[in-house]
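I opened this entry to keep a record of what I looked up in one chain. The notes run from the whole chain down to single residues.

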Amino acid sequence: MHAWPASEVPALPGQGRDLRIHDTATGGLVTLQPGPVARIYVCGITPYDATHMGHAATYNAFDLVQRVWLDTKRQVHYVQNVTDVDDPLLERAQRDHVDWVKLAEQETALFREDMTALRMLPPKHYIGAVEAIPGIVPLVERLRDLGAAYELDGDVYFSVESDPHFGEVSHLDAAAMRLLSAERGGDPDRPGKKNPLDPVLWMAAREGEPSWDGGSLGRGRPGWHIECVAIALDHLGMGFDVQGGGSDLAFPHHEMGASHAQVLTGEFPMAKAYVHAGMVALDGEKMSKSKGNLVFVSRLRRDGVDPAAIRLALLAHHYRSDWEWTDQVLQDAVARLGRWRSAVSRPDGPSADALVEEIREALAEDLNTPAALAAVDRWVALQQERGGTDTGAPGLVSRAVDALLGVAV
Ligand code: 5CA
Ligand code: ZN
């Protein structure tokens, strides 16, 4: 699948910093020291509706991870999937009497436009679950051959007990896992499973649903977690630097994915850090396609909102906090963008060398974007109040804000 065009990332003077970031598995900050090529997998959308501010906030966080790495002169090997076949997509297509393939294509196209407008760096490999199926089948067969998977009425399940490290991503107790499994695509109450938490790896073909040749598994379609694992292992291998997504993916999705990969390869861990973004809410509830309480990026763009202001609205919140989208959040961002633009449009200004270091420092410490914005605000205020004589400063600020925060001023 093709991704979207990359916006240019200006090179900055001086030295970038290594990223310290919160890892859900260890519950604390870890300093990542990738090799010359940093490897990151970020879970992509299930394309049955347009990109909302919650999605945008999550992708913004992982875009920043890459920008910090690029600033250290590393290359970034970024992989993202599209869950282009899954229950919620098929259900929506049926509800709206549309073809599920068309729905997925349409919403994925809109996602690409939104990502481009927001200056999110594209993945190097953008892979649909459907195109990954030929690679998924042998993995499920291997899990079965290893005794880590079993059959139930034609469906194939993963046995969570086959991974001694199961539970080490999200650290939840059994009751919480069971609850979340039921809420997030699992079927803990299905009779006959070895462990209620066991997730499906391969679903036998069902009447009226799409299915693919599964070799010795029979016709069917893959389970959710194994899709991401197949794509990650194929394009990144084990021990990659960051597995990313919103906090609602920590369990079961990332927990199960890690277990699948660890059992398949006999290596541990799948990722050096499991990084999770907080949830964006609207009117007091998590923004979600299933609830329908959504503010769409594409809608704001159609209404004439500058994508740079949308990005600033996201950056005003720490990626790990849960926060609420309001009109005020957007108005503040529009006002801030105006101040920044006017400050960098002057021919000179106060020196910005220290500012670049402050932005670097803030981002390197668990992507502290509110601190980074505050640092730019201080330079902007100084520019407005006293100005300065450094003719390189406005250009440097503009390049730094672009390179490190993805905001075009
Ligand atoms: N296709 C799967 C991942 S393989 C999926 O979760 N798709 S999604 O479309 O539901 O979500 C895409 C990403 O946006 C996920 O990382 C998810 O955690 C994140 N996300 C969804 N809702 C919100 C929200 N309200 N706030 C922040 N992030 C969110
Ligand atoms: Zn995923």
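**Conventions.** I am working on a predicted model, in which local features need pLDDT of at least 70 and side-chain atom pairs count only at pLDDT 80 or more, while totals for chains, interfaces and linings use all residues. Residues are numbered from 1 along each chain as its sequence is written, chains are lettered from A and ligands numbered from 1 in the order in which they are written, and side-chain values use heavy atoms, with hydrogens and water left out.

**Whole chain.** I listed the secondary structure and found 13 helices and 14 strands in the protein chain. Helices (H or I, at least four residues) and strands (E, at least two) are DSSP runs, numbered from the N terminus. I then checked the radius of gyration, which is taken over C-alpha atoms; the globule rule is 2.2 Å times the number of residues to the power 0.38. For 409 residues a compact globule would have a radius near 22 Å, and the protein chain agrees with its 22 Å. The C-alpha trace spans about 75 × 45 × 35 Å along its principal axes.

I looked up burial next, where buried means under 20% relative accessible area, exposed over 50% and partly exposed in between (1.4 Å probe, protein chains only). Of the 409 residues, 58% are buried. For contacts (heavy atoms within 4.5 Å), I took those with a separation of 6 or more, and 79% of them join residues 24 or more positions apart.

**Helices α9 and α10.** I looked at the axes of α9 (residues 307-315) and α10 (residues 327-344), which come within 8 Å and cross at roughly 115°. Axes here are lines fitted to C-alpha atoms, for helices over the stretch in contact, and angles run from 0 to 180 degrees between N-to-C directions. The two helices are therefore roughly perpendicular to each other. For that label, 65 to 115 degrees is required; under 35 counts as roughly parallel, over 145 as roughly antiparallel, and the rest as oblique.

On the α9 side I noted A308, A309, L312 and A313, which meet V329, A333, V334, R336, L337, W340 and R341 of α10. By class, this contact has 9 nonpolar, no polar and 2 charged residues. Ala, Val, Leu, Ile, Met, Phe, Trp, Tyr, Cys and Pro count as nonpolar, Asp, Glu, Lys and Arg as charged, and the others, Gly among them, as polar.

I followed up on R336 of α10. Is R336 buried or exposed? R336 is buried, at a relative accessible area of 17%. Beyond its neighbours within four places in sequence, R336 is in contact with L312, A316, L373 and D377.

**Helices α2 and α3.** I found α2 (residues 87-95) packed against α3 (residues 100-117) at about 110°, with the axes 9 Å apart. That makes α2 roughly perpendicular to α3. L89, L90, R92 and A93 of α2 make the contact with W100, L103 and A104 of α3. The classes here are 6 nonpolar, no polar and 1 charged.

S288 sits in the loop between β13 (285-286) and α8 (297-302). I recorded S288 as buried, with 8% relative accessibility. Setting aside neighbours within four places in sequence, S288 touches H52, N293 and L294.

D283 is in the loop between β12 (280-282) and β13, and D283 is exposed at 65%. D283 and T326 are 43 residues apart in sequence and 8.3 Å apart in space, C-alpha to C-alpha.

**Backbone exceptions.** Most residues other than glycine have a negative phi, and most peptide bonds are trans. Against that, I noted a cis peptide bond from F251 to P252, with omega near 0°; P252 lies in helix α7 (residues 250-265). Another cis bond joins F268 and P269, with omega about -5°, and P269 is in the loop between α7 and β11 (271-277).

R119 is in the loop between α3 and β5 (125-128) and is partly exposed, at 22%. L367 also has a positive phi, about 50°. L367 lies in the loop between α11 (353-364) and α12 (369-385) and is buried, at 0%.
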